[in-house]
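Biologist: Hi, I'm new to this one. Could you walk me through it?

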Amino acid sequence: MIKVDNNDPRKKTVKVINIGLQPFYDEIVFQGVPALQLNWRPPVKQSKEVQDMLDMFL
Amino acid sequence: MYKELFIVRNRYVDSVSLMNVQARAMDEGGVHLAEVQMGTPINIHVLKEMGFDVPSDAELSDLLIGVEAEDAAACERCRQLIMDLLDHKEVGGGDETYSSLDEIDFEATGYNLVQISIPGEYVVEETKKAVDKGCDVYIFSADISLEEELEIKEYGRDHHKLIMGPDCGVAQLNGVCLGAGSIYNYGPIGIVAASGSGSQEVGAVIERCGFGLTNLIGTGGRDLSKVVGGTAMMEGIKRYEVDPETKVIVLVSMLADRGVMDKVLSFADGCSKPVVAIFLGSDEKLFEGHKVHGTFSLEEAGLKAVELLTGKPAKQGYSDDELEAIAAEELKKYAPGQNLYRGYFMGGTFAEETLVYLTTHTDGIEFWSNRKNDYVKKLPDSFKSVGNTILDLGDTDFTTGAVHPVFDNTIRDRRMIKDLEECGDVAVVMIDFIGGPGLDFDPFEKTVKAFKDAEARTGRHITVIANIVGTYEDPQDFKTYVPYLRENGMIVTGSNMQSAKLARMIMEGLKK
């Protein structure tokens, strides 16, 4: 495995949130950069009737 | 043997993550088979064919986990492992998990960059949220409309935040490489690019000349379209203009809307720093009346940037005379009737650069491609090569619902070997190896083995010309593997243009 310069001072200015592909999160961590993998899921889609009712009450 | 199908309702997981999780699950003791797929009709059909009992109400949004193991306990352990991997419990996410940007205190935590690779329909909302939280945004996702792309780019511009993408494959910001990008040395040249693989090539050439990058700002491939109007490219230029560390700016794009290219060049003319541009496939007229230095290959763009920096002409890789000598040697090795060319590119820009060059620099040779443009004939079926074929394997023909070959080079290798075994008249093959920490870590030995097998089966010599697009900091260990490839008969050039020139020389020689 090739070395990665995790001490590059510029990297200390970057903190990453990853939404989606796990390998992109792994890639950031591999570079020694602070990162957070968001446990993102698509919003649940309501039918129009249910959404209209929710809109009325909320 | 015990076989069980688990279903996780309304759980989206991308195809690359599924591939990795599945590979890890297969290593679990007692597990013979693990199939982890979203509930598409094709996947449901395949799982049923494998003997799994898939519920009739399984839907596209459901995650399906099929496990065959020695007993029920092993099945359950495998399922649990897969769910833990998907929930990131094992990969250092810390004790806290968040499911939305709204749950995070950005002031306290200091997060300042959001990377997005989710289905296109959710991208606008998440991007605007990230900008509102004070972050620059890198968007790998595609599948959003041009109007939406303009909307988020203008939103970012108005909030003084960079929007890199959508459909941005490569970027580097403050030394951190994003997406499918390489790890570049720090240096005084800044790239703004609407072409991922193109910008990687320019960066790699600059690095081989001994220099490096301040940043590589990706814009996504459609930034110079009429609708989007170069919004992100001009924002990138602005950033470099005020950055004291950036001494030379390079703009990279494939051919785009003529009016927009002209507008971007006029904008760049206002810079106090030298600007180099490669708009692949453009003519010299485009640059007439502009201060910007026009170039016509990716390699030339990198070399020109170095020349403007140092005041001296730059060079790297093979000279034309050296390429002529290599071609002459190769021409001695073919069997009668071997006269065809095939290009298998993971980087779309390399396919484009090659087809523009080969079609404009050869006479009487017909080329086919899955890419649509004025230079070549369109393949009737992207999955079947014809004559001299140039394939862009990163095109949506191949990547819709599937893994991009940069993440798994065997996808490219399988297609190539199938072609070579079907047609014994192929003499020259061009390929690319692309580096970066997000990509296939170990692409070389698999490809060498695939070629050796193909040569053995066809009993013919095939010239393989490889372009390495990466840096010595990339985890693919190019320093070790370039000699390895050469020892195994591949010709490793210094750029895609050098590869294309060598292929042309051989093709011209085969006509005689």
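Biologist: Let me start with a detail: in β17(B), which residue is the bridge partner of S369(B)?
Modeller: That partner is I390(B). Before we go on, please keep in mind that this is a predicted model.

Biologist: Got it. Which strand does S369(B) bring to that pairing, and how many bridges are there?
Modeller: The pairing is between β15 of chain B, residues 367-369, and β17(B), and it has three bridges in the parallel sense.

Biologist: What about β14 of chain B, how does it pair with β17(B)?
Modeller: Strand β14, residues 340-345 of chain B, pairs with β17(B) in the parallel sense too, over four bridges. As an example, Y344(B) has L391(B) as its bridge partner in β17(B).

Biologist: Is β17(B) buried or exposed, then?
Modeller: Buried: five of the five residues in this strand, 388-392 of chain B, are buried, so the rest of the structure largely encloses it.

Biologist: Which residues sit on each side of β17(B)?
Modeller: N388(B), I390(B) and D392(B) are on one side, with T389(B) and L391(B) on the other. Both faces are covered.

Biologist: Let's switch to a helix. Which residues of α11 in chain B are buried?
Modeller: In α11(B), which spans residues 320-330, the buried ones are L323(B), A327(B) and E330(B). They cover an arc of only 60° around the axis, so they lie on the same side of α11(B).

Biologist: Why would residues spaced like that point the same way?
Modeller: An α-helix has 3.6 residues a turn, so residues three or four places apart point the same way.

Biologist: Nice. What do the buried residues of α11(B) pack against?
Modeller: They pack against β19 (463-469) and α17 (496-511) of chain B. On the other side of α11(B), the exposed residues are D321(B), A328(B) and E329(B).

Biologist: Now the two chains. How many residues does each give to the contact?
Modeller: Chain B gives 43 residues and chain A gives 34. On the chain B side, the elements giving two or more residues are α1 (15-26), β4 (113-117) and β8 (176-179).

Biologist: Which element gives the most there?
Modeller: That's β4(B), with five residues. By class, the side of chain B that touches chain A has 20 nonpolar, 16 polar and seven charged residues.

Biologist: And which strand of chain A is joined to β4(B)?
Modeller: Strand β1 of chain A, residues 16-20, is joined to β4(B) by five bridges, and the two run parallel. One of the pairs is G20(A) with S117(B).

Terms used. Residues numbered from 1 in each chain as written. Chains lettered and ligands numbered in written order. Predicted model: local features only at pLDDT ≥ 70, side-chain atom pairs only at ≥ 80, totals over all residues. Contact = placed C-beta atoms within 7 Å. Nonpolar A, V, L, I, M, F, W, Y, C, P; charged D, E, K, R; others polar. Pairing = 2+ DSSP bridges. Buried ≥ 20, exposed ≤ 12 C-beta atoms within 10 Å, placed from the backbone. Arc of directions from axis to C-beta.
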